Amino acid sequence: MATCFRKRILSKAKEKSMRSPNAIVYRDIDASQALNHTIHRKLDKLNRFCDQINSSRVVLGTPHQHSNKGKLFRAQIELGIKGQPVILHQDNASLHIAVRDLFKAAERKLKEVSGKRADHGHEKPQLDLGEDLH
């Protein structure tokens with residue numbers, strides 16, 4: 001009976017996390033409150049650039065180790081955007097630098113995607129004011 005209760009609590013927690021628009025996942029590394037705060041701040045900034053973001057998921061961890069690269073950390077972001085999701089990642093020896101570079105790349109990508117969407121709208125007719133209208 002205790003396992004059913006535990007499963008129910010875990011499933012409710014899972015449902016709650018699935019409903020959350022911003023999720024931060026740590027894989028094989030310890031969670032950091034300072035890093036969580038930084039990530040939430042940067043996610044808020046991304047939401048100011050693009051109001052089409054429905055959800056976001058940041059995954060922090062270590063990629064597969066290669067003998068010649070040393071210890072690397074990977075920061076990955078998955079942005080649920082209407083029409084097409086955006087997935088980016090950055091690797092670095094410092095997790096904080098990987099997060100910083102990831103959000104810079106995400107900001108550039110969102111500006112690019114927003115620009116493309118603006119270009120797909122109706123074109124405004126342009127008047128040639130150089131001609132004489134007689």
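The model described here is a predicted one.

The setting of strand E3 is an open sheet of 4 strands, which follow one another in the order E1-E2-E3-E4 with mixed pairing. Strand E1 (22-27) and strand E4 (86-92) stand at the edges of this sheet, and because each has a single partner strand, one side of each is left without a neighbour in the sheet. On average, and with direction ignored, neighbouring strands of the sheet are turned by 15 degrees against each other. In general, strands of a sheet pair through backbone hydrogen bonds, either parallel or antiparallel. Strand E2 (residues 53-61) and strand E3 (residues 73-81) pair in the antiparallel sense, over 8 bridges; within this pairing, Ser-55 has Gly-80 of E3 as its bridge partner.

Helix H2 (residues 33-49) can be checked for its length, because at 1.5 Å a residue its 17 residues should span 24 Å, and the end C-alpha atoms, 25 Å apart, agree with that expectation. The buried residues in H2 are Leu-35, Asn-36, Ile-39, Leu-43 and Leu-46. Seen down the axis of H2, these buried residues fall within an arc of 95 degrees, so they line one face of the helix. Gln-33, His-37 and Arg-48, on the other side of H2, are exposed. The N-terminal end of H2 is capped by Ser-32, a side-chain oxygen of which lies 3.5 Å from the backbone nitrogen of Ala-34.

A search of the whole structure for salt bridges finds 6, and the table lists some of them with the distance between nitrogen and oxygen.

| Asp-101 | Arg-100 | 3.2 Å |

In the salt bridge between Asp-101 and Arg-100, Asp-101 counts as partly exposed because its relative accessibility is 21%, and Arg-100 counts as partly exposed at 38% relative accessibility. The class in question lies between the limits of 20% and 50% relative accessible area, so the 21% of Asp-101 places this residue in the partly exposed class.

Glu-107 and Lys-111 both lie in helix H3 (residues 95-119), where they are 4 residues apart, about one turn of the helix. Lys-111, at 47% relative accessibility, likewise counts as partly exposed. Glu-107 and Lys-111 are also linked with Lys-45 in a network of salt bridges.

Glu-112 and Lys-109 are 3 residues apart in helix H3, so they are separated by about one helical turn. Glu-112 is partly exposed, with a relative accessible area of 39%, and Lys-109 is also partly exposed, with a relative accessible area of 27%.

Technical notes: Residues are numbered from 1 along each chain as its sequence is written. This is a predicted model: local features need pLDDT of at least 70, side-chain atom pairs count only at pLDDT 80 or more; totals for chains, interfaces and linings use all residues. Side-chain values use heavy atoms; hydrogens and water are left out. Two strands pair if DSSP finds at least two bridges between them. Helices (H or I, at least four residues) and strands (E, at least two) are DSSP runs, numbered from the N terminus. Axes are lines fitted to C-alpha atoms, for helices over the stretch in contact, and angles run from 0 to 180 degrees between N-to-C directions. The expected span of a helix is 1.5 Å times one less than its number of residues. Buried means under 20% relative accessible area, exposed over 50%, partly exposed in between (1.4 Å probe, protein chains only). The arc is that of the directions from the helix axis to the C-beta atoms. A polar contact is a pair of N or O atoms within 3.5 Å; within protein, one must be able to donate a hydrogen and the other to accept it, and residues adjacent in sequence count only if both atoms are side-chain atoms. A salt bridge is a side-chain nitrogen of Lys or Arg within 4 Å of a carboxyl oxygen of Asp or Glu.
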